[in-house]
Amino acid sequence: MPTSRRTFAAVAVAALLMPITACGSGGDGGGAADASGKVEGEITFQTWNLRANFKGYFEDVIAAFEEKYPYTHVKWVDQPAEGYADKISADAAGGTLPDVVNVSPDLVAPLARAGLALDLDKAAAKYEKEYLPGAWASHQVPGMEGTYAFPWYLNTGPLFYNKSLFEKAGLDPNKPPKTYGELFDQALQMAEKTDGKVATLANVPTIEDFGRYGVPLMNKEGTAFTFNDAKGVELLARYKELYDAKALDPQALTATPESSGKKFLTGAVAMNPGSALDLANFKKQAPSLYKNIGITDQITSTGHVNMYVMGVMVNAQTKRTPAAVAFAHFVTDSARQMSFAQRVAIFPSTAGSLDKPYFTREDGTDETRVRVAAAKSLKTAVNYTPVLFSEQMKTALRNEVAKALQGKQSPQEALDNAVNACDRLLRQQG
């Protein structure tokens, strides 16, 4: 849910950037609007493709808020997934942006730079401690002071691995790799023991991989990308080593989540990210694989896995700042997030929520196995994808990585070219 919606947001963000950066208050982040007054008045709350499945939930949330604050009225509007960024762009340019808006980090960035997103570090700092640190930081924008949305629901995915394949390669099936160094060593051993018939991975490195490897992705000012440093080159060189040894699947350059999943299903790949739905599929289509499934955290050399996050932003130009801030906080507080997480496979961003039995106790079901594993890793997770990293930039990086893996250019040349391309796209945004 968050992954697909966030990907859509990234695709559409280019359309969002141009019109709204030309209006607003010149990127002052919305100033320090006062949220301490009386909570009253009518506000509009916009969600992103949630009415069809969660109409009752949101009606209950709104009713509870209006009961707590009897002088308020919340008008709820829900926009379809398709065209959501365009809708925000049009509203922002026309001065009709709702008071409270469901956003992802890549959507909030241009709004913050245009002065249309309220800085919560100034207007609602008292709430920061209620959220996981990594979640609160996810709606911060490089080059700007402040936090521009309340973190809402999170998601991440553990890695599945085939214990039988690990054992056949002479690897301990109960000790899967945790860091990239361990991954590379075990992947090379897997390829050697199987004469290149079993790859460990089916995907080329993405910007999240560079982040989890410990590569600095962007400068603090948010004006240039930096993943072409020595550590970034080292990561890509190791992937090149895997590719040459067939420890990285030969079709990784054109892999999709579906094709990678099929490779794992048939035993051609030893590790793959997934969800509880995948476990149910394995149980039905590949019983022997299902019996040998191991679940482990994402590979990371920083100690922090990657997470996807949705947020709730307050319009900096709202005329009902106290009510808008109060409602945005209400929607994302611990009680509401916990209730929402029990209705759909997402995770709360509030501190302490992931320690509750729902996220810590297994009951033997596939859904719970994955939920417990993911929740454990989310406590210290980071949103590695820079909020300014667009879909075009992802494509540029992928294209250059492919050239390096094929030996058409060195890892250094590939990453230099990728950074140059991303920097050009970044300048076009501004």
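Angles under 35 degrees count as roughly parallel, over 145 as roughly antiparallel, 65 to 115 as roughly perpendicular, and the rest as oblique. The model is predicted: local features need pLDDT of at least 70, side-chain atom pairs count only at pLDDT 80 or more, and totals for chains, interfaces and linings use all residues. Residues are numbered from 1 along each chain as its sequence is written, and side-chain values use heavy atoms, without hydrogens or water.

**Exercise 1.** Classify the packing of H18 and H19.

Step 1. Take the geometry. H18 (residues 391-405) and H19 (residues 411-429) pack at about 165°, with axes 8 Å apart. Axes are lines fitted to C-alpha atoms, for helices over the stretch in contact, and angles run from 0 to 180 degrees between N-to-C directions.

Step 2. Apply the cut-offs. H18 and H19 are therefore roughly antiparallel.

Step 3. List the contact (heavy atoms within 4.5 Å). On the H18 side, the residues are Gln392, Met393, Ala396, Leu397, Glu400 and Ala404. Their partners in H19 include Pro411, Ala414, Leu415 and Cys422.

Step 4. Sort the contact residues of H18 with H19: 12 are nonpolar, 3 polar and 1 charged.

**Exercise 2.** Which orientation do H10 and H18 have to each other?

Step 1. Helix H10 (residues 230-244) packs on H18 at about 55°, with the axes 9 Å apart.

Step 2. H10 and H18 are therefore oblique to each other.

Step 3. H10 contributes Leu236, Tyr239, Lys240, Tyr243 and Asp244 to the contact, and H18 contributes Val401, Ala404 and Leu405.

Step 4. The contact residues of H10 with H18 divide into 6 nonpolar, no polar and 2 charged.

Key. Helix = DSSP H or I, 4+ residues; strand = E, 2+ residues; numbered from the N terminus. Nonpolar A, V, L, I, M, F, W, Y, C, P; charged D, E, K, R; others polar.
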